[in-house]
Every structure is written in C-alpha cells, then in structure tokens.
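User: Could you walk me through how to read helix packing and strand pairing in a structure like this one?

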Amino acid sequence: MDLTLTDEQRDLRAVMREFVAAQPAGDLARQALDGQARYDPATWRELVRIGVLDPVLPEGLGGDGGGLRELAVVAAELGRALLCVPFLPVAGLAAGVLIAAAERDQGGPAEEMLRRVVADGVAVTVAWLPRDGRWEEPLTFACRARRDGGESWVVTGEAMFVPFGTEAELVLAPVATPDGPAVLAVEGEAPGLVREPMPTVDATRPQARMTFADVAATTVVGADATAILEAALDRAGVLLAAEQLGTAERAMEMAVGYARLREQFGRLIGSFQAVKHLCADMLVGVESLRSAVRAAAWAIDAAAPDRAVLASLAQAVASQVAAEVTDAALHVHGGIGFTWEHDAHLYLRRALGDAVLLGNADYHRVRLADRAGL
Amino acid sequence: MSPEYAPETGLTTFLDSARDFLDSAADVRGPVEQQHWGEGPDRVGLLPERPDPAEERTALDAAKTWKATEFDAGFGWLTGPTELGGAGLEPRFEVAYRKLRAGYRIPDLSMFGIGLGMVAPSIQQFGTDTMRRKYLRSLHRGDLVACQLFSEPAAGSDLAALRTRAVRNGDVWIVNGQKVWTTGAHLSDVGLLLARTDPAAPARRGISAFLLDMRAPGVDVRPLRQITGGASFNEVFLTDVRTPADHLLGEEHGGWAVARSTLARERDVAGNSGADLETTVDQLTRLVQHSGRAQDPAVRTRWADCYARMLIHSWTTARAAAERAPGTPPGPEMAMGKLTWTDALRRCSALAGDLLGPALTADTGDWGTYSWSEFALTVPGIRISAGTDEIIRTVLAERVLGLPREPNP
C-alpha cells in the first residue's frame, strides 16, 4: 500500500490549483450563496476538457491508467475551492455504477454510456434517496420500475436530495423491480419527470426533488444490480471523503492564517496555547483523514480484499473530521467568523451537508464493523 | 482492475532470504483467531512492569541471544552503513522485514527500543568515528542495552531547566546530579546523558550530551513505582561519575541539538507503536465478541472507531516516515503519531471499561476481564510520557503550522 502521492499526482494537484485560481469573477461560492450564480456548465466542461474525468475509464476500457487515487486528488482540490460542479455525481456515483456494470457485463449499455460521459462530460446524476433520506443496509431505493418491452422500462417514485438534479442532462435511477434491483437511465427532459430544486444550506451543492410519473427509461443494469450499486457507493464515498479532506484542509489553513495575524492582549492569538491546541487538533484530524482517503483509494484501485472496509472507514472519518474541523476553524476566527461576509461558514455549510450526503458517521461505522466481520 | 504494483525484485529476493532465516530461527506465530478465549495469559498491559528479577534476567538473556543471532545472520541492522556493521539498505527493507518478522514468535525485544530507536541514532549522528565504531555494532547486536538520562525532578516538560552538572577535569568529565523516569536504567549498560556544562549561558546553550557507562562507579539506580504497582522506570543518582572526554556527543554546550533530535526520535518510537495498538484492538475485539453485546449498534460504532484509529495511526506514521527525505532525521511531524496513538488507546480503554462494568475494577476471576484494569491505569502514563499530549500539540502548532511561540515572561 502506497500512501504517498506520485509525481504525476502532485502535478495533477498543481494543475487543479491553477484551474481554481484562474476561475473568473472571484468568489463563486459566495456568489452562489448570495443567489447570483449557481452551476455554470461552462466551468464543468472546462474541467472535463483539462482531463479530470480521464482517470474514470479503467485501463481495460481504454483509460489512461489512472484511477480512484487520481480522482481523489481532483476531488480534494474541488473540496478546497468549494466549486459548484457535478464531479461527485458524475465521477463518483454514476461512473461507479457504470464501471462496475461494464466490467461485469463486458460491454453493453453501461460501457457505451461510460464512454459518452467521459468523452462529452455529460452531467449525469443518480436519483436514489427517498423522502426520509435514510441510507439503509440492505439497499433501498426511492423508485420502482416495470418493463415496458425489450430494454424499455417505466419508472415511478419520488426521489429527494438528488445532487445536481435539476442541472443534470441524464439521470440514473436505481430501482426496485419485480425481479430485484436494477439501474435505469432517464433523460433529464423526459416526459413525466418533474424536477424541482430544493433550498439548500450549501449553495455549491444543489439538490433536487424528482418525481417520476411513469417515466420512460432504458436499461443500464437489467438485473442483480446490488453488488454494482454497493461498489458505486464505495467509489463515490471515497471521492466524497476526498472532497471533505480538501474542505477541511482549506478551512484549517484559513484558521491558522488568522491566528497568525489577529492580535489580542498585546500578542498574536496563535501564541496562546488554547488556540494552538485547537489548531493542532485540526491538523491531526486533517492528516488522519488524508491517510484514510489515500488508503481507501489505493485499496479500490488495487482491488484489495479489504477495500469495502476501508471505503466505509474513510467515510466514517470524513463525516466526523470535516464537520469538526470546519467548526473549529470558524471558532478560531472568533466573532468575525460568525458573520455572513466571512468565508468561514461556507466551509461549515459544505461540511455539514457532506457529513450526511452518503450516510452519517455512525452509519458508516456500523457498516465498517459489519464488513470487518465483527 | 488489476493491482498496480508488481513486486520489486530486490525486495522480493531480500524477503526470500529473510524468510529462510526466520524459518530456521523461530516458530511461525499462528493467526490471532486461533488463540482461544480463555487460553494463555490474559495480560493487556502496555508497559513492562518488572516482575521477579530472575524472570526479567531470563527474558533479557533470551532477547539478547535472539538479537545476536539475527545480527550475525545479517538482519540486525538493515539500514546501517556497511562499514559500521549494517546492511546498507533503504528504510523500506526495514519496514518489510519487521512486517515479516511479526508473523514469527520471537522474544520480547522492547528493552532494546530506547537503545536502537534513540541512543544509537544519536551516536550515529553526533558521535565521533571512534564512538560510532565502538558502540553502534554492539547496540544493534543487542550486546549493549541503553537508556536515556534526560528528565529530572525539576526538568520534565521543561527539559532545558535540567541541573545535572558535568565538569571537565583533564580527559574526563565528572558528572553529578539526578535523573528520573529512566526506563530500563536497571538493565542498561550505557546511557545518553544531558548535563549542564555552562551554567552561565542561557539554559539551552549550556547543555552538553554524553554517553555514560551505567556500570561506572557513582551510578545508583533505584526503581520508581508507578500507579499500576509495577516499576518500569527508575531514579538514577549520579555522584562523581566519570565519563571520558571522547564520550561527548555533538559540540560542547551543543547538547540541545542532540536533545531535540533524540526527542523527535522518541516520538517516532512512541508513535510507531502500530503493532502494539493492533494487539490491543485485537484483544478488545475478542472482549466485544465475548461480552454478549457485539450486536449492539452503540458497541459496534465505538469498536469501529477504535479499529479505524488503529489503522489511521499506522498509516499516518508510515506516511510521515515515507515522506521524509531519505537520510533525514525525524522532524516535528512525527509528533503526530504520539497523539493518534494515545487517542486510540484512550478510546480502547473506555470501551473496554464500559463493556466490563464492575468486572474492570473488581476481579471476578474470569479470564480476560480484570486484566484490563492494568491497561486502564497505564494509559494516563502513556499520555504523559515522550512529551505530554499538550507539549506535542504545542510542537505541532509551532513547528508544523508555524504558530508563534509564547513570549518569555
């Protein structure tokens, strides 16, 4: 297991930082919060153009030999910058389903769709959670479906919390069918599909409510989709953990930077032990999460036997650490950290949402225990 | 998806010969699952407690015999320079060898931890060629056991306040003073000593480092009893102890540099207790399974937290070691390992205590229960040793995050 970045991964990180720094019109996260700008498809297309999706395709399907570790480097940089782009649903959830399906079914609709997504940067999301927003084991789904001749289906149900739901061009729906779980594809503009944005705490992470009223769909995975969906959740979970790592890391940097500038009682606040120790705890949290993300990404890329355990571990740690670190970072800023105008709460908002997006910390801990065989 | 890494030829050949040696010299350790609940000793300790002196002597002799065998077969000092008796290999060979060796039953080698982890590297970094040639091979072969003579009653966290005095007299230094918390002093042949050599200078600039013969006249070692009832460490009284001038390590009055380097290594050793933590979590796992509460989600989440922290501790210390440029000594980032370690220990202790209830603190006679009380009593000591958790946090904040020091009063 290699937990250090390769030179190529460092280069990738540098490219991502340059991209973020070159984003026009200043602070996009703040603009999103102020309601001025949300998802800009051009930003996403540009990211795809510089190659962020290249590591998605496995080598066996013509990919560049990169993998989840490279995607995790990208994810961390996106998390640092709080960019409003559908990287997680596309490269995590959707690609996760499509890769597992293409590998199992040796070609077929999943492989073709995966190539299309990677080549064109199609914004695709996955409509999974029902209204109660609970991740369950065994998996449950918001939608159900029945066959409508050949590879055509009809989907019914109400999904909530769909990331980039209104912005997506294509929707993958895990569904319950009379023959067990399947995964279907629905065009974003399909008749019978109603998509409404949900007001969110984090404007950089749009979520939608989707109502499927007998919506036409095509096969992605026709039957026995459980293992594929589990694998997809693990991939997405590790990328989400990587985003949380970036968010926490940046928040910590801001807090440390503030502690080195702000004076009270005639000295820098960073010279007081209480503040120092808060910062040290943030550092330990960030570095612990970094280890967990790298180990899980490595294990998935290497198809290691314990990859499911490590995927749950990374998410359990991320759900806790990101929330704690962004909270501590705001705290170090004191009163000014509590103002609307200060950026501290942007990181807190992101972390609060991320902590529960694919399951909360305890959910992942229980799954870790299950998968470790306790 | 195929694994990314093909095994590297040099390492594979090395591990083959290592396996041959280990197979010839030790028994394979069975998988932990095979050790049955209720069999064998149920001790969950963290520190050597110093049982019967004869037992301790026997254990030390067994450890020394093993170390000598391992060294003579070429596996005792893998990363050391060949001209000094080492094998001249890169750190990853050491890592791989230790991992392999963990699968075999060998004597407890913890009494060599300080000598090999702190004293020998300091001699290597700061000693003269003569000193290196005189001591390094012996330390790595296990012929010599070493201790660290740093802390004093008035100089714990504030080590620079130390008062033990060394005065030059011809071609010897004469040492007077008192050291405390000296782990393993009663078994040691040599000690790494910090003493004040220039009382007029500011505290950190008046200290020198020496190697001291623990068998020299004037060295008086007395055990210190700890809250668990045992005695892992000692007081050491030094009365007119003579050490040769060439046993100075580093520059005269330049001992603080030796101290800092040694302390960083101490955190490396303390934090590198990944194997110990694995054993603890193993024991905790079996306790959970035998508690009848293994299906309780509250217990499962807490167990998962301990398990995760155990792995994270190993990964984070491995990363810090791997990211260090080859040949450079451990820096302040190594201190993080101490925190991840003690945090994990606390949580394991808390979960074990909650599972056991009153059986933690009163002996029912049942296997694997009251033995956790020693663990629970030891954890507070671990948090204090090798730099208190608070000192470690301050080190991380100042030297890794760049936060300003507190002003001097």
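User: Which residues of helix 4 of chain A meet helix 7 of chain A?

Analyst: Contact here means heavy atoms within 4.5 Å, and helices (H or I, at least four residues) and strands (E, at least two) are DSSP runs numbered from the N terminus. On the helix 4 side of chain A, A:Leu68, A:Leu71, A:Ala72, A:Ala75, A:Ala76, A:Gly79 and A:Arg80 meet residues of helix 7 of chain A, among them A:Arg235, A:Leu239, A:Ala242 and A:Gly246. This is a predicted model, in which local features need pLDDT of at least 70, side-chain atom pairs count only at pLDDT 80 or more, and totals for chains, interfaces and linings use all residues. Residues are numbered from 1 along each chain as its sequence is written, chains are lettered from A and ligands numbered from 1 in the order in which they are written, and side-chain values use heavy atoms, with hydrogens and water left out.

User: At what angle do helix 4 and helix 7 of chain A pack?

Analyst: Axes are lines fitted to C-alpha atoms, for helices over the stretch in contact, and angles run from 0 to 180 degrees between N-to-C directions. Helix 4 (residues 68-81) and helix 7 (residues 226-259) of chain A pack at about 40°, with axes 7 Å apart.

User: And which strands pair, and in what sense?

Analyst: Two strands pair if DSSP finds at least two bridges between them. Strand 4 (residues 170-177) and strand 5 (residues 180-187) of chain A are antiparallel over eight bridges, and a hairpin of two residues joins them. A:Val171 sits opposite A:Val186 of strand 5 of chain A. Strand 5 of chain A also runs antiparallel to strand 7 (residues 207-221) of chain A, through three bridges; there A:Leu184 has A:Thr219 as its bridge partner.
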